[in-house]
Amino acid sequence: MFNKNGLALFSLVAALCGTAQAQLSDTEQKIVAAVQQRSPAALLLLEKAVRINSGTLNPQGVRAVGELFRAELDELGFQTRWIDMPPAMKRAGHLVASHEGGAGKRVLLLGHLDTVFEKTSTVPLWERRGDRVRGQGVNDMKGGDVILLEALRALKSVGALDPANVDVMLTGDEERAGKPLQVARADMVALAKRADYALSFEGSNKHQGVDTASIARRSSGGWVLRVKGKPAHSMGVFSNASGYGAIYETARILNAFREQVIEPSLTFNPGLVYGGTDVSYAEDTATASAFGKSNVIARDAEVLGDLRYLSPEQGERARQKMLGIVSSGNLPGTSASIRFTENYPPMPPTEAGQQLAARYSQASQDAGLGRIELLDPGLRGAGDVQFVAPYTVGIDGLGAQGRGAHTDDEDLEIASIERGAVRAALLIYRLTRPTP
């Protein structure tokens with residue numbers, strides 16, 4: 001139920017939620033009170049986690065944050081285990097925890113331990129600024145991890161966790177997933193296949209003043225365009241003998257992409273373009289070099305691009321259009337090829353996702369925290385929930401609210417920890433509560 005701009009039409013959610021605020025049950029009121037009572041301690045837990053650098057390429061730091069959260073899950077009665085990745089992947093691994101209750105619905109909770117801030121980062125680990133905190137990964141996504149833990153702790157305190165079937169997976173490489181992805185996400189997929197719902201605690205966004213969640217996220221992948229021309233003296237450019245050269249053909253192709261491939265919810269960004277007589281690219285440093293002269297027709301050109309789409313069908317349609325442009329209509333004396341990759345699969349919207357979002361919005365309204373709307377998938381990047389989407393019903397954006405994720409000014413609104421934990425705890429309780 002998305003319009004031509006990919007924006008959620010929230011009529012179903014509104015109809016399901018209604019306009020009247022439902023009354024919280026006695027148990028739910030106790031859950032809310034438990035979250036509120038723990039708010040100061042939750043902030044201290046967040047500070048402990050954020051003060052540990054856990055850039056994806058700092059395995060020791062990622063493991064240290066994992067051990068901190070593992071102790072919390074152990075205390076809540078979960079069976080925890082650490083899953084190591086093959087040494088060649090150079091990743092820390094993942095923390096998995098399971099709680100077996102009864103015969104009710106099973107919920108999978110997702111978060112990640114790593115951040116984009118590596119050990120060499122000069123960004124302060126933790127810097128309190130009144131009702132906000134600036135720090136490394138404070139909202140992406142250690143704030144979400146703490147919300148996840150505090151929601152479970154509140155359920156435990158009132159006995160509501162005991163009958164619940166809950167799995168938790170905190171990955172150690174969400175920001176730079178290890179390769180091959182089939183190995184890096186194999187355990188997550190296995191957990192998803194036995195889950196009725198998946199709740200992901202990436203940061204929550206506001207849109208026009210209203211809190212949002214996501215049931216659709218676009219793929220994250222890329223493309224490499226390689227173009228060949230005839231090296232020759234520039235005096236012959238445009239002639240049948242010398243042709244147009246690789247750079248002119250590259251410009252033709254990119255402009256044709258812009259004119260012919262664009263559609264709602266689809267983006268394809270050429271992030272790096274380089275050309276000349278000789279070119280090379282170093283993947284480990286993401287740098288390109290080129291040699292050429294203004295009086296020599298370019299022999300080689302390459303483009304590294306990003307590709308994001310909302311459904312497999314849209315992705316295939318884009319790839320076919322781009323292939324057609326690359327392989328036909330080439331300028332004289334040139335040839336071109338394109339190669340595509342996909343890292344995160346798309347997560348298209350579904351009716352089941354709408355139903356889950358409605359229940360989340362209702363829980364928020366019942367707690368007096370306002371309605372939740374669905375975020376345009378074009379307004380956020382990719383995340384781990386996309387790997388589980390084919391196997392269960394997922395929702396994302398249940399985490400903390402902040403600004404500037406992935407930048408030197410990443411921060412978090414402290415009050416969003418309590419709001420997020422209240423909403424998550426009520427939703428988990430309602431999803432896992434045994435039916436009479």
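**The sheet and a helix**

Author: In this predicted model, six strands make up an open sheet with mixed pairing, in the order E1-E2-E6-E3-E7-E17.

Reader: Which strands stand at the edges?
Author: Strand E1 (79-83) and strand E17 (393-395) do. Each has a single partner strand, so one side of each is left without a neighbour in the sheet.

Reader: By how much are neighbouring strands turned against each other?
Author: On average by 15°, with direction ignored.

Reader: How many bridges join E2 to E6, and how do the two run?
Author: Strand E2 (residues 94-99) and strand E6 (residues 165-171) are joined by five bridges and run antiparallel. Ala97 has Val168 in E6 as its bridge partner, and His99 has Val166.

Reader: And what about E3 and E6?
Author: Those two run parallel, with seven bridges between them. Arg106 stands opposite Asn165 in E6.

Reader: Which helices pack on the sheet?
Author: Helix H4 (residues 59-75) packs there and touches E1, E2 and E6; the direction of H4 makes about 165° with that of E1. Helix H7 (residues 186-193) also packs on the sheet, in contact with E1, E2, strand E3 (106-112) and E6. The direction of H7 makes about 160° with that of E6.

Reader: Is E6 itself buried or exposed?
Author: Seven of the seven residues of E6 are buried, so the strand is largely enclosed by the rest of the structure. Both faces are covered: Asn165, Asp167, Met169 and Thr171 are buried on one side, and Val166, Val168 and Leu170 on the other.

Reader: Changing topic, how many residues does H9 have?
Author: Helix H9 (residues 312-327) has 16 residues. From its first C-alpha to its last it reaches 22 Å, close to the 22 Å expected at 1.5 Å a residue.

Reader: Which residues of H9 are buried?
Author: They are Gln314, Gly315, Ala318, Arg319, Met322, Ile325 and Val326. Seen down the axis of H9, the buried residues fall within an arc of 130°, so they line one face of the helix.

Reader: What do they pack against?
Author: The buried residues of H9 pack against strand E10 (220-228), helix H8 (245-260), strand E11 (267-276), strand E14 (300-308) and strand E15 (335-344).

Reader: What does the face turned away from the buried side carry?
Author: That face of H9 carries the exposed residues Glu313 and Ser327.

Key. Residues are numbered from 1 along each chain as its sequence is written. This is a predicted model: local features need pLDDT of at least 70, side-chain atom pairs count only at pLDDT 80 or more; totals for chains, interfaces and linings use all residues. Side-chain values use heavy atoms; hydrogens and water are left out. Two strands pair if DSSP finds at least two bridges between them. Helices (H or I, at least four residues) and strands (E, at least two) are DSSP runs, numbered from the N terminus. Axes are lines fitted to C-alpha atoms, for helices over the stretch in contact, and angles run from 0 to 180 degrees between N-to-C directions. Contact means heavy atoms within 4.5 Å. Buried means under 20% relative accessible area, exposed over 50%, partly exposed in between (1.4 Å probe, protein chains only). The expected span of a helix is 1.5 Å times one less than its number of residues. The arc is that of the directions from the helix axis to the C-beta atoms.
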